[in-house]
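User: I would like to go through the labels used for this model and see which value stands behind each.

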Amino acid sequence: MAADPDPKEGAVASTLEEVLRQAREALADLPADRADDVALRLERWGPDLLQGLAVYGDDAPLAEVVGLVTAAARTRRPALVALDKRRLLRPDWFGSPDQVGYVCYADRFAGTLRGVGEKLGYLRELGVTYLHLMPLLEPREGPDDGGYAVRDYRTLRPDLGTLADLGRLADSLHAHGMTLTLDLVLNHVAREHDWAQAALRGEEPYRSYFLMYPDRTAPDAYERTLPEVFPDFAPGSFTWVPEAVRPAGWGPGPDAGATGDAGRGAWVWTTFNDFQWDLDWSNPAVFCELLSVILDLANVGVDVFRLDAIAFLWKRLGTTCQGEPEVHQVVQALRAATRVAAPAVIFKAEAIVAPEHLPAYLGTGRHAGKVCDLAYHNSLMVQLWSAVATGRADLARRALAVPPPKPVTTSWGTYVRCHDDIGWAISDTDAGALGLSGFAHRRFLAEFFTGAFPGSFARGEHFQANPATGDARISGTLASLAGLEAALETAAATGRTADVDLALGRIFLLHAVAYGYGGIPLLYMGDELGLRNDRSYLDDPRLAADNRWLHRPWMDWTAAERRHDPATVEGRVFAGLRHLARVRSGLPALHAAVESEPVDLGNGAVLALRRRHPAGIFLGLYNVSPAWQRVSGVDVARLGVPQPWENLSAFAPRPEDGELALPPYAAWWLTRSPG
């Protein structure tokens, strides 16, 4: 007996028919094939859009969204329309093994956007296909949280160039088979943004774009469960703004007696800094504003939007206001609308959350595969540093096995280092399962990577240390944290280079895991040359208070000239990373659709990651210690690689007494022998 039809499905179909009718009217003057393409995409992603916009109930801005989408589709440049078609034919383009990412500040890399365009040959040498330029949009003057306090979404930093320059760079990247990634801050704007300034004056609709309160009643209630992001220099999540015009219904402000102005003063939600005002995403007008920004930048030529602070979009009393279900619904609607207008564009989630919560930003349950296309694998980075500090892979094996699988249509962004500090996101549960104290292990890592712990090879600095909780994050370049800075100092003083070799081994090992995990490996600028900590930021009063600039060096093009000299540090690191990219591109098992699963080979110093792909098993073996390690050849065969071939060194490992011997910091990418 057939089930009764779901009335909701009928309502969605009816609404979609109306949406298609509106769209066809708006596209009537386009060539028929262009209009048909947009309509077909609306049929495909329309249900996702409607499901996402349902978060707004009867206030869902469907007509406004259709208007924005059709306007963007009408004005999309022919070169981008052609790119849309190519990527629709290969929707997994960003998951293929030939993808390698590079992340940099445009000014620190090459001065301007035009300068970046002149350096594309250098990036191609590394196998780079994906270029992420750190914040480009115009920030406020003064402290700007590294560019994440945006004053104008539609203007670039004047010192970098114009939107026209960005469009030319995007075209050049596309001609070289590369993509452009741009940061888009969704959670907040700078208090100098036009919307915030209008809200200060009490002007609607802009006042309702923000979360503003007459007194401490609501802020106090929220802060009972809100964690502090920057407890040292931006405590709390609300800021008193005395000049804000108060609505008539609020009554006099708390400063009325002192100032004589009863009509001013409000508490504004500011999760990160007092100059970054949180947007109220429960207001559908905010959704439309940000969708308009995304579509305009997509039509400039942006391929990937890194959605900054995505976890914080939706506020709910009694929670941490991070990762609420509505976040995923809102982003699904943004993604669906963007797919209709600009299907070449994808979203990346900047969600630094517990591993078990991360797949939701790629879409789980009814949102499966419908939210973001990429997400940072922060846990992998943390576990890699923990492993090389201890010489043990047990904790990494446990932690990497815990999260649920991501949707097969999505991909990870894997990395060893980024522009930000490293927070020691070690789960108490994972640590406890191994008989460790999570608190003690986090404290150990914080001390180890400053070099304070006896025997440490690292040279980093504490960031946002909290004596009350024992939490202390770490700043430092990859090379300095991996021991290269200390090793070069030792070599200069003693002539002994063994520590340099070990440090270079760690650097290669760490990157080999990121490149072999699946997804897009992301190189942070300068890591390909082994650049060390840069303390020149201390000479700049604007930066001196934030030691994250320690690991945001200016590109050293003199050092880059040594990249082809195998006798230099730069040459050894650069060649190693170029080799990883080249080998990776020829291994179909590294396609992002397949997950890496930790397996136990009975040796706590060896991290083993298996990928079961229809083209064959891939087994990554990574010795995280400075000593030789052995694993059972029988166990390797049992895992699907009976006659192993090591792809990075192009040799067939042979068991001795039934065991395979891995040198210090060895990275082996094993597949079945081609012979």
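**Labels and the values behind them**

Analyst: In helix α17 (residues 438-448), the buried residues are G438, H441, F444, L445, A446 and F448. Buried stands for a relative accessible area under 20%, exposed for over 50%, and partly exposed for what lies in between, with a 1.4 Å probe and protein chains only. The cover over the buried residues of α17 includes α14 (378-390), α15 (394-401), α16 (428-433), β15 (461-466) and β16 (471-475), where contact means heavy atoms within 4.5 Å. Helices (H or I, at least four residues) and strands (E, at least two) are DSSP runs, numbered from the N terminus.

User: What kind of model do these values come from?

Analyst: This is a predicted model, in which local features need pLDDT of at least 70 and side-chain atom pairs count only at pLDDT 80 or more, while totals for chains, interfaces and linings use all residues. Residues are numbered from 1 along each chain as its sequence is written, and side-chain values use heavy atoms, with hydrogens and water left out.

User: Why is C104 called buried?

Analyst: The relative accessible area of C104 is 0%, so C104 falls under the 20% limit and is buried. C104 belongs to strand β1 (residues 101-104), which is covered on both faces: G101 and V103 on one side, Y102 and C104 on the other, are all buried.

User: How do you know how many disulfides there are?

Analyst: A disulfide is counted when a pair of cysteine sulfur atoms lies within 2.5 Å, and by this rule the count is 0. For C104 the nearest cysteine sulfur is that of C418, 14 Å away. For C372 the nearest is again that of C418, at 17 Å.

User: What makes β1 a paired strand, and with which strands?

Analyst: Two strands pair if DSSP finds at least two bridges between them. β1 has 3 bridges to strand β17 (residues 520-524) and 4 bridges to strand β2 (residues 130-133), so both meet the rule. Both pairings run parallel. Among the partners, G101 is bridged to L522 in β17, and V103 stands opposite H132 in β2.

User: Which strands make up the barrel?

Analyst: The barrel is closed by 8 strands in the order β1-β2-β5-β11-β12-β13-β14-β17, with parallel pairing. Neighbouring strands of this sheet are turned against each other by 25 degrees on average, direction ignored. One of the pairs is strand β13 (residues 374-376) with strand β14 (residues 411-415), joined by 3 bridges; in it, Y376 has G413 as its bridge partner.

User: Why are β18 and β22 at the edges of the other sheet?

Analyst: That sheet is open, with 5 strands in the order β18-β19-β20-β24-β22 and antiparallel pairing. β18 (597-599) and β22 (644-646) each have a single partner strand, so one side of each is left without a neighbour in the sheet. The twist averages 30 degrees from one strand to the next. β18 is joined to strand β19 (residues 606-613) by 3 bridges, and E597 stands opposite R610 in β19.

User: What makes the contact of α3 with α13 nonpolar?

Analyst: The contact is made by V65, V69, A72 and A73 of α3 and A337, V340 and A341 of α13. Ala, Val, Leu, Ile, Met, Phe, Trp, Tyr, Cys and Pro count as nonpolar, Asp, Glu, Lys and Arg as charged, and the others, Gly among them, as polar. By class the contact therefore has 7 nonpolar, no polar and no charged residues.

User: Why is E356 called partly exposed, but V408 exposed?

Analyst: E356 has a relative accessibility of 42%, between the two limits, so it counts as partly exposed. V408 has a relative accessible area of 59%, over 50%, so V408 is exposed. E356 is in the loop between β12 (346-349) and β13, and V408 is in the loop between α15 and β14.

User: Is Q464 buried or exposed?

Analyst: Q464 lies in strand β15 and counts as buried, because its relative accessibility is 6%. Q464 also has a positive phi of about 55 degrees, although it is not a glycine.

Key: Axes fitted to C-alpha atoms, helices over the stretch in contact; angles between N-to-C directions.
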